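Good morning, and thank you for joining.

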Amino acid sequence: MEKRVSESRIEQVYQVRPEHLNGAGRLFGGKLMEWIDELAGLVGIRHTQQDVITASVDNLKFIRGAYLKDLLVLIGRVTYVGKTSLEVRVDTYIESLDGIRKPINRAYLTLVAVDKDGNPVEVPKLIIETEAEKAEWEAGIKRREMRRQRKEEGF
C-alpha cells in the first residue's frame with residue numbers, strides 16, 4: 001500500500017493558557033514537546049492505520065518563545081518511511097490575529113508502527129509528488145543515517 005503525504009497531514013491549533021507557562025512567563029518547552037509528540041503520533045496513525053510509538057526526537061529547535069494568549073499552529077506531515085518506521089516533521093507557528101504565521105519550532109520524530117502486541121509492522125510506502133516532498137525524503141535518508149551512526153556510538 002502507498003499513501004500521499006497529504007493523506008496524513010494534520011494541522012492543530014492551541015492557545016497558550018496560564019497553566020502552560022513556565023516561571024519566566026513563556027510557554028513551557030515541555031508542554032510544546034507534548035503537543036508535538038501527540039500530533040506526530042496522530043500523523044503516524046493516519047499514515048499507518050496502526051498504533052505507533054515514538055522512537056526518537058532527533059531535532060527539536062526552539063526559534064522563539066510563545067506567550068500567554070498566543071495562538072499556536074502545529075503542522076505535522078510524513079517526510080520519510082522505512083520498513084516499520086516513519087519520520088514525521090512538525091512545524092510550530094505563532095499565528096497573529098490577522099493570520100500571519102511566524103515559525104517558532106521545528107521537530108523531526110521517528111515513529112514505529114506496532115501491532116496489538118507491540119511488535120513492529122510494515123508501514124505504507126510514501127508517494128512523493130512535489131519537489132519539496134522529494135527534498136524532505138532525501139534529507140530524511142541523511143537523518144536516518146545520522147541516527148544509525150549515533151546509535152552505534154551509544155546515543
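I begin with a network of salt bridges that links Asp58, Arg77, Glu87, Arg89, Asp91, Arg106, Glu136, Arg143 and Arg147. By salt bridge I mean a side-chain nitrogen of Lys or Arg within 4 Å of a carboxyl oxygen of Asp or Glu. The model is a predicted one, in which local features need pLDDT of at least 70 and side-chain atom pairs pLDDT 80 or more, while totals for chains, interfaces and linings use all residues. Residues are numbered from 1 along each chain as its sequence is written, and side-chain values use heavy atoms, without hydrogens and water.

The search of the whole structure gives 17 salt bridges. In one of them, Asp58 pairs with Arg147, with 2.6 Å between the closest N and O atoms. Asp58 belongs to strand β3 and Arg147 to helix α2, so this pair ties together parts 89 residues apart in sequence; helices (H or I, at least four residues) and strands (E, at least two) are DSSP runs, numbered from the N terminus.

Is Arg147 buried or exposed? Arg147 is buried, at 16% relative accessibility, where buried means under 20% relative accessible area, exposed over 50%, and partly exposed in between (1.4 Å probe, protein chains only).

Glu136 forms a salt bridge with Arg143, at 3.1 Å between the closest N and O atoms. Glu136 is buried at 11%, and Arg143 is buried at 12%.

Lys83 and Glu122 also form a salt bridge, their closest N and O atoms being 3.3 Å apart. Here Lys83 is exposed, at 57%, and Glu122 is exposed, at 54%.
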